[in-house]
Amino acid sequence: AHRRRDGVLEVIPVGGGTTWAIGLEGRTAEVEAWDESGRSLGSAETRFSRGLVHILPVDHAFRYVLTPGAEPATVLASRRTHAEPGETVTVVGQEEHTFEVPEDAEPGQMIWRSFEDAWIDFLVTEAADEA
């Protein structure tokens, strides 16, 4: 990542992945994807969660340019960062929400939920063995 003097960040992801995140001091961002030849591929989808801007990859993108925005209107929180398949999880924004993690969720998978026009993420872990 390279922060330019104007506050814009240029990021080249290394190693692939299904999503990645960057902290912008609690602010959201507009993100534009660029290919290796310097051609704009348009906007990249973002999700603000747990204080980070998560960027969903754009096919053929080589780099992303992030223009910091405002703090989000609504921030979701949970005491949990991990969740097990079948577990009921509580999320708090302006109101309290619950959802059930799908039974077929795979350990290591990131799951997303949206409430109140905001996002929150959870990493799926294996169910604990109760012997």
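In what order do the five strands of the open sheet run, and is the pairing parallel or antiparallel? The order is 1-2-8-4-5, and the pairing is antiparallel. The legends below refer to a predicted model.

**View 1. Five strands make an open sheet.** Strand 1 (2–3) and strand 5 (40–43) are the edge strands. Each of them pairs on one side only. Strand 1 and strand 2 run antiparallel and are joined by two bridges. Across this pairing, arginine 3 stands opposite leucine 9 of strand 2.

**View 2. Glutamate 10 and arginine 63 form a salt bridge.** The N to O distance is 2.9 Å. Glutamate 10 belongs to strand 2 (residues 9–11) and arginine 63 to strand 8, so the pair ties together parts that are 53 residues apart in sequence. Glutamate 10 is partly exposed, at 23% relative accessible area. Arginine 63 is also partly exposed, and its value is 21%.

**View 3. Arginine 50 pairs with aspartate 121 in a salt bridge.** Their closest N and O atoms are 3.5 Å apart. Arginine 50 has 30% and counts as partly exposed.

**View 4. Salt bridges with shared partners build one network.** The network joins Arg4, Asp6, Glu10 and Arg63. How many salt bridges does the structure hold? The count is seven. Side chains of opposite charge can pair when their charged atoms come close.

**View 5. Aspartate 35 meets arginine 39 in a salt bridge.** The side chains come to 3.3 Å, N to O. Aspartate 35 is buried, with 10% relative accessibility. Arginine 39 is exposed, with 51%. The cut-off for exposed is over 50%, so the 51% of arginine 39 qualifies.

**View 6. Glutamate 25 has a positive phi.** The angle is about 55 degrees, although the residue is not a glycine. Most residues other than glycine have a negative phi. Where does glutamate 25 lie? It lies in the loop between strand 3 (20–23) and strand 4 (29–34). Glutamate 25 counts as exposed because its relative accessibility is 73%.

**View 7. Histidine 60 has a positive phi as well.** Its phi is about 70 degrees, and histidine 60 is not a glycine. The residue is found in the loop between strand 7 (52–55) and strand 8 (63–68). Is histidine 60 buried or exposed? Histidine 60 is exposed, with a relative accessible area of 71%.

**View 8. Four acidic residues form a negative surface patch.** The members are Glu100, Glu103, Asp104 and Glu106. Glutamate 103 is placed in the loop between strand 11 (96–100) and strand 12 (110–115). At 58% relative accessibility, glutamate 103 is exposed.

Definitions and conventions. Residues numbered from 1 in each chain as written. Predicted model: local features only at pLDDT ≥ 70, side-chain atom pairs only at ≥ 80, totals over all residues. Heavy atoms only, no water. Patch = residues over 30% accessible without salt bridge, like charges linked within 9 Å, V, L, I, M, F, W, Y side chains within 5 Å. Areas by Shrake-Rupley, 256 points an atom, 1.4 Å probe, with all protein chains shown as cover. Lys, Arg positive; Asp, Glu negative; His and termini not counted. Charge placed at Lys NZ, Arg CZ, Asp CG, Glu CD. Helix = DSSP H or I, 4+ residues; strand = E, 2+ residues; numbered from the N terminus. Buried < 20%, exposed > 50% of the residue type's maximum accessible area, 1.4 Å probe, protein only. Pairing = 2+ DSSP bridges.
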